[in-house]
Amino acid sequence: MPQSGTAIAENSPALAENVWDVIRCEAAELAAREPTLAPLLQTQLLGGTSDAESLANVLAARLCVVRIEHGDMLSLLSDVLARYPAILQATEADLVAVRTRDPACTTYLHALLNLKGFHALQTHRIAHALWTEGRREIASWLANLVSLVFGPDIHPAAKIGTSIMLDHGSGIVIGETAVIEDEVSILQNVTLGGTGKESGDRHPKIRHGVMIGAGAKILGNIEVGAFSKVAAGSVVVKPVPPHCTVAGVPAVVVRIHRADEIPAETMDQNI
């Protein structure tokens, strides 16, 4: 699996606690407050025997809007999660990323149950594992289902790191040969696309710590350097140096960052 580990910042709320233990406590509290949700929470989270089963339950319940038996979908997701424990580690890093970067997300449980960008990303991780095994039809089917249900259109071959936030998720397109490194934040309606009908390595490479603003389009086999920011609505067709902000159509460098600035974490939308 191409997903790599990531260090959790010292001020992370997950340092002194296990993310999944916190989620189960949050689920139990929510079930007590909202009896209507209690059966769902019991089935998807509180009755599970493992963290991987909890993740598979949540994803399967959302993906089974198509005519496939819930048990069959659950079996597919659970099998991949059992064979690729790194996926669950990446999921935990993503939960921490969303919890710490999104002011509208006040609990891990909220991210796990309600954020379709998060759901799409975790299902992509499973589709990517199937793709790397050579099971390309089922991987492509699962990726298409993700697009239909959650909104983001992510090719199953795309390589995505950990500590990723797909904020909102709606309208995000990530091409086949795209690479997204760790600790990246991507807002709605972002495209990581090609420039035409060329084949081969043709999609962007997004390096560590980058933030991509809403509606930005990054086109071609170009690199967005580490700890840079792409302003909302920009169209990027040339490589972006590290530690800078680019904006405009076509995008140009408008600001140089401090060496310690991490746009993906600060989520500052100002140019």
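The following is a conversation about a predicted model of one protein.

Student: What makes the protein as compact as a globular protein of its length?

Tutor: The protein has nine helices and 15 strands. Its radius of gyration is 18 Å, and the globule rule gives 18 Å for 271 residues, so the protein is as compact as a globular protein of that length. Along the principal axes, its C-alpha atoms fill a box of roughly 50 × 40 × 30 Å.

Student: How much of the protein counts as buried, and how much area does the protein expose?

Tutor: Buried residues make up 49% of the 271; the cut-off for that word is a relative accessible area under 20%.

Student: Which domains does the domain assignment give?

Tutor: The assignment gives domain 1 (16–150) and domain 2 (157–270). Their C-alpha centres lie 25 Å apart.

Student: How many residues of domain 1 and of domain 2 are in contact?

Tutor: On the domain 1 side there are 14 residues, in contact with 21 residues of domain 2.

Student: Which residues have the most contacts inside the largest nonpolar core?

Tutor: They are Ile23, Leu45, Leu77, Leu95, Leu112 and Ile126, in a core of 50 residues. At least two residues of this core come from each of the helices α1 (19–33), α2 (38–46), α3 (51–63), α4 (70–83), α5 (85–101), α6 (108–114), α7 (116–132) and α8 (136–150).

Student: Which residues does Leu77 contact, leaving aside its neighbours within four places in sequence?

Tutor: Leu77 is then in contact with Ala56, Leu59, Ala60, Leu63, Ile126 and Leu142. The cut-off for such a contact is heavy atoms within 4.5 Å.

Student: Are Cys105 and Cys244 buried or exposed?

Tutor: Buried requires under 20% relative accessible area. Cys105 has 2%, so Cys105 is buried. Cys244 has 1%, so Cys244 counts as buried.

Student: Why is Gly71 called partly exposed?

Tutor: The relative accessible area of Gly71 is 44%, so Gly71 is partly exposed. Gly71 lies in helix α4. Between its C-alpha atom and that of Leu148, 77 residues apart along the chain, the separation is 20 Å.

Student: What makes the phi of His168 worth noting?

Tutor: Most residues other than glycine have a negative phi. His168 is not a glycine, yet its phi is positive, about 70°. His168 is located in the loop between β3 (165–166) and β4 (173–174). Its relative accessible area is 48%, so His168 is partly exposed.

Student: What is the phi of His243, and where is His243 found?

Tutor: The phi of His243 is near 55°, again a positive value in a residue other than glycine. The loop between β13 (235–236) and β14 (244–247) holds His243.

Student: What does His243 touch, not counting residues up to four places away in sequence?

Tutor: His243 touches Ala226, Phe227, Ser228, Ile256, His257, Arg258 and Ala259. Val210 is 33 residues from His243 in sequence, and the two are 8.9 Å apart in space, C-alpha to C-alpha.

Student: How do you know that the peptide bond between Val249 and Pro250 is cis?

Tutor: The bond that joins Val249 and Pro250 has an omega of about -5° and is cis. Most peptide bonds are trans. Pro250 lies in the loop between β14 and β15 (252–256).

Terms used
Residues numbered from 1 in each chain as written. Predicted model: local features only at pLDDT ≥ 70, side-chain atom pairs only at ≥ 80, totals over all residues. Heavy atoms only, no water. Buried < 20%, exposed > 50% of the residue type's maximum accessible area, 1.4 Å probe, protein only. Core = buried A, V, L, I, M, F, W, Y, C linked by side-chain atoms within 4.5 Å. Helix = DSSP H or I, 4+ residues; strand = E, 2+ residues; numbered from the N terminus. Rg over C-alpha atoms; globule rule 2.2 N^0.38 Å. Domains from an automatic or database assignment.
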